[in-house]
Amino acid sequence: MASLISLFLQRRLLCTRSNVPHNPSHWNVKQVTKSNFAGSLEEIKSHIATSDFVALSLQNTGSFSAAWHRVSPFDTPETAYLKAKHAAERFQVLQFAVCPFSFRASKVAAHPYNFHLFPRDELNMGMPSYSFSCQTSSLTSMAREGFDFNACIYDGISYLSRAQESAAKVQMEYPIHANFVVRPISNPSLVDKVFIERNKSRVRHWRNVCKDVITGDEEPLVQCLRKIVLSSEEFRSRPCMTIDVCSERQAELIIEMLQDFDDLVPLIILAKGGGAQAVRAVLTSSKEDKNLLMAELQSMEEEHNKKLCGFREVIDLISASQKPVVSYDSLNDLTFVHSKFLAPLPPTMDEFLHSLQLVFPCVVDVSRLMNKIGPPRKARNVPLAMSYLKNHFFAPVDMEFPCQDTGNKIQIHGHNVLDICKLFAKLSYVLKIAPSADSDLRNLASTLENNFNGFSTVPQETTDGEISIWRSNTRKVNCSDLVFLWGFRDDITAGMLKNMLQESHTIFSEAFDLRLVEKSSAIVVFWQPGLSKTFLDMMSNSLEVSGTLLELVSEGMKAAGYEIYDRACKLGLWESSLAEALDKATINPCCSFSPSERNLAQRCQYSELMIDLDDL
Amino acid sequence: MTKHGPLTAVTRAFTRAFTRAYSSFPLKHVTKSNFDSTFADLRAHVRAADFVAIDLEMTGVTSAPWRESFEFDRSDIRYLKVKDSAEKFAVVQFGVCPFRWDHHRDAFISHPHNFFIFPRQELESGASYEFLCQTTSMDFLSKYQFDFNTCINEGISYLSRAQERDALRRLNSRHGDGVLELKEAKDVPLVSIVDVLFSERMKNKLSEWRDGLLREGLGVSQSYGSLNESRGQFQIVFYKMRPALCLSGFTSHQLKLIQLVTRKYFRDLIYVRNEAENPHSKPLVVYADSEDDTDSLRKEVKDDSYRQAEKRIMAAIGFRQVIDLLSTEQKLLVGHNCFLDIGHIYSKFLYPLPSTAEEFAFSVNKYFPYIVDTKIVLNANQVLKMKKSSTSLSSAFSLLCPHIALGSRKCTNAALQSFVNVEIEINEMRSSEWSTGVKHEAGYDAFMTGCVFAQACSNLGIDFKLHSTSKSLIQNEKLQKHINLLYLSWSSGDIINLRSGNRSAESSLLQQKQKSVYENFVLIWGLPSILRRRDIKQCLVKVFGLTSVVSIYRVDETAVFVQFSKAEFVSKFLDLKESLERSNDPISVLHPLSKLWEGGHTFAAGYETYKEICSSPISKVLFAEQAEAIGIRWKTKLIELGVEDTVFDKESKTKASVCAAESKTGKKQHETDDSRSLCYNVINDFHDTEVKQVRASNL
């Protein structure tokens, strides 16, 4: 066996040698795992501070579980968000590349880092994620690129989202030093006074006993017994006493009372709901000891924070810097960032944008910038966009970045993020928004901010390698002119279906387009407004259906307007086929929507939609 | 992206290989590259074996905390939980270890194999493959140095029988329709001048070549002046005994034009592109001398590609060959607490899991007639009876087989008990001394399971020296009573008999509890988070009396089960909840129970709703979220005493009978779909009636 492995290894080593390009210009991206995270954090902190932008690129365990879960051209921003949300909640980020960069006079200075992540349950609380999905094809293509899964799972950095961190603190009964609540309590009632006095005497008694023990020289055994009898607790090898409280007010009263004793340090233990559950008084032996304890508490809190946040600290750094965030597919990337590092994703796009804006005030979507100069099909992924730009525009941009010491290891992981930096710099040059001096930077940021209003809805992967002739038939379609057809035989092609429809009824003599979304479901675009309604009315009345249409209907074909599709996305009916999802959406009673949601649905219905027919 | 091999991975693999060689437990690791050769050997070993031990490593066990096994789970719920686990998680390692008794050496010869498997998608089909990973399980595997890189890069893929059947069916329907036959390009009008020129040029080239063929006769070497000029884009080859031109260096658009040209202008030339054979194969233009020849060529090409596609499907079966081998050889399979393992084997390599445990037992028994669980053997027998805690595989191994576990053979003679000797044979190399292997490596675990089983049999008084064939081991009456019994759940001692599909409990005490007690359960979820179990109990006791509540179980942080002492309390509670929540008068607000639905997100229902929620394919982390996700819109599901049960019983009975009638055919999936939609209808009906009630009360 050993010989077999070594043989295999030899082969691999040989391949490695022959394949690694010994190119001095080969880019070095700093690979960060658990072991070198602390050091890298300091480094990246200073790099973020000195850079103008921060580029992001994520490597996920999957992107969609069924073809129709992909964001497609007929999605409104709302449904596109729901699709991205579904993916972000299921899949996991394994690599998070961050690259702080700035560019001046066509020179880009970049500092790329590639963080390996794994949602290890460091605290044993089922956080950050209980489980995650993997799409086999994603893993296989990552493996083809030489992704090291062992490094990721063994040494990946864990993290907690902001929401999870606060929940964890509560669950751990994590003590917080209570010196911040020192304001005197106004007019204590009689009940309060009784409560204070009772506890005060308890504390005094306990303190005296403890002091006796400290001063008195009893035998260790007796000390031990006394400890058991008094059932005294210890906090950091100092005696302490826990006083249960029922309300925030009681906690404040106790803390105020404890201030009368100058050798007691009050700590608050949080309850599940968020308020205080108990107050713990820790007895210190002297003034110095008290200061020592305070320092200990301080460092303990910092250490704890580090353990809790993990990788999220990088996100916090980026957020705190308020630098523009540059990403290629921002909808996908930022839904992942939001769900993994901030909080669970809200149900609507508006809430999401609002919540995100508080953390990242400026987000630049490079693929949207790309759409300004070229057709969307050229901007499907970073390499495609790069080659398009290279062939059509002149943009002299030099990449330069300090060679970081990565121990001679040549890694290609996380290079995507450098490409994004470069692409962004080139685009800025082409679009004439490149900053020439520092003063222009703010200007640039404001120009770019407009980009954030909507996300790109360009699918990220090419569906087939064949390139057909580009025709400029990007037209605006109203959602109400779209009709979904589903449930027909799964060997019917778009052409066949179109012919059958054309023969069936006069309304199909007008211009209409039809594309298959997947097997046995299609979308029809009526170019003449109002016809979709006529068609749907006809479909609902079985008497009017005749000819080939009747044939189709009898085979099980159904039709519905865009609102059914919208509802399927809203209800989260992510079935494996669109036909199934639409079926369920039609059965589902729509009264489950609250009125406000229904309004929103209506608004969506009338929003205009850019459709690039060649992309369908 | 450039090709490369990261140095870290290599060094890591190197150190791993080194340590593994050092620990020197002889284990045959099988990956994609050495699967075919190993399988041939394994076949011989399995044929000769007395029994085969198996073990699986998965990417996870439970898809949500509330899907863990609880004491209040009825046995049908337990099956649903196992089913969910087997459907969602992937198997990453499969240990197979055949054991054969060697009379000359007076010992068992074992052949531990450790297969790395990965559900790589080898054939294109509609759905994308996806599996779930439980974070803690992945962490657990990494603690035992599981090599994920080998698994994903080199793991053997597989097709289940159902997947194979579907793939063949798809292939046949395509073949029948003739779509497979030379994908015809659509008639694209030539719009650009470039296309027109290109087509014209191609037309000339092709006719020149054809004319040349006709002029000089077939098979004679000729010079094709202009053809050779065009940068080697045309190459003269022979295809199926016919002269052909191999096209290379054209864009896909140009190829489409060539295809159009050949079809339009040349009756005796055929454009052939056989992608099925080899995705990189170049398209050809083939000359056929007559109409008949054209047809026969078409047919040949078609049959060829069909055979190729069939071959690809056969190749994609991969690891399932091992399962088929185990099934056809009908050997005694030995596992340790292996109900979940069998569930995985069934769903990954055979068919989708049936909806009830009875059907599952019936179908498993058909493919694997003899399965024995070492955990059953260890627990059921007084001779072996050991503490429940010590029946984990590794502790049972070190307890029963110290001579193997410690790697020293000396104690064999010293001990009074007779130890069964086991030797390992890998690649024709036999060894009887080794140090311990890596725990939780499937191959090693399978080996341990086999050793434990052999020793347990010996302790039961089975003498291997007298039994030469595996048949007699199966028929041995001392073993007979343990065969085909599996723990449905270890913690509760719920046992299922695979032969009859019957379930039984280990102790009679449990059996009593089985019946009727579930009518007394009420499921409450979405409670205010501050309520603890004792608070809930207090609320309930105030209304129903001190002895009314037997127990309160937590499902997860959002849900509880309340066990009442009588079934009528359940319906009474649900009625009260329904009526109190509807009215807003002070009496209902001050009612002691109203504390339970403060916040307005509290739902309550009977035990059957729990089953319905567990059977859903969705898995949200929190129970309350799950209930919402499966589309529960009502607040309270009322139960009239005894009514609900009969309805559900009837449904499940009809389901079972229909399924039995259909047995092996693939209609099961269809059937379950139907029953699911039936469930939906029930819910909808319920919803409708609720709406009506609301309207009535508003009037």
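Mentor: Strands here are DSSP runs of E with at least two residues, helices are runs of H or I with at least four, and both are numbered from the N terminus. This is a predicted model, where local features need pLDDT of at least 70, side-chain atom pairs count only at pLDDT 80 or more, and totals for chains, interfaces and linings use all residues. Residues are numbered from 1 along each chain as its sequence is written, chains are lettered from A and ligands numbered from 1 in the order written, and side-chain values use heavy atoms, leaving out hydrogens and water.

Trainee: What about the phi of Asp106(B)?

Mentor: It's positive, about 60°, although Asp106(B) is not a glycine. Asn484(B) isn't a glycine either, and its phi is also positive, near 65°.

Trainee: Where is Asn484(B)?

Mentor: In the loop between α20 (477–480) and β15 (485–489) of chain B. Asn484(B) counts as buried, because its relative accessible area is 0%.

Trainee: Switching to chain A, what does Ser106(A) touch?

Mentor: Leaving aside neighbours within four places in sequence, Ser106(A) contacts Pro396(A), Val397(A) and Asp398(A); contact means heavy atoms within 4.5 Å. Ser106(A) and Pro396(A) are 290 residues apart in sequence, yet their C-alphas are 6.4 Å apart in space.

Trainee: And how do α12(A) and α13(A) pack?

Mentor: Helix α12 (residues 330–342) and helix α13 (residues 349–359) of chain A meet at about 75°, with axes 11 Å apart. That makes them roughly perpendicular, because the angle falls within 65 to 115 degrees.

Trainee: Which residues make that contact?

Mentor: Leu334(A), Thr335(A), His338(A) and Leu342(A) come from α12(A), while Phe352(A), Ser355(A), Leu356(A) and Val359(A) come from α13(A).

Trainee: Zooming out, how many helices and strands are in chain A?

Mentor: Chain A has 23 helices and 20 strands. Of its 616 residues, 53% count as buried.

Conventions. Axes are lines fitted to C-alpha atoms, for helices over the stretch in contact, and angles run from 0 to 180 degrees between N-to-C directions. Angles under 35 degrees count as roughly parallel, over 145 as roughly antiparallel, 65 to 115 as roughly perpendicular and the rest as oblique. Buried means under 20% relative accessible area, exposed over 50%, partly exposed in between (1.4 Å probe, protein chains only).
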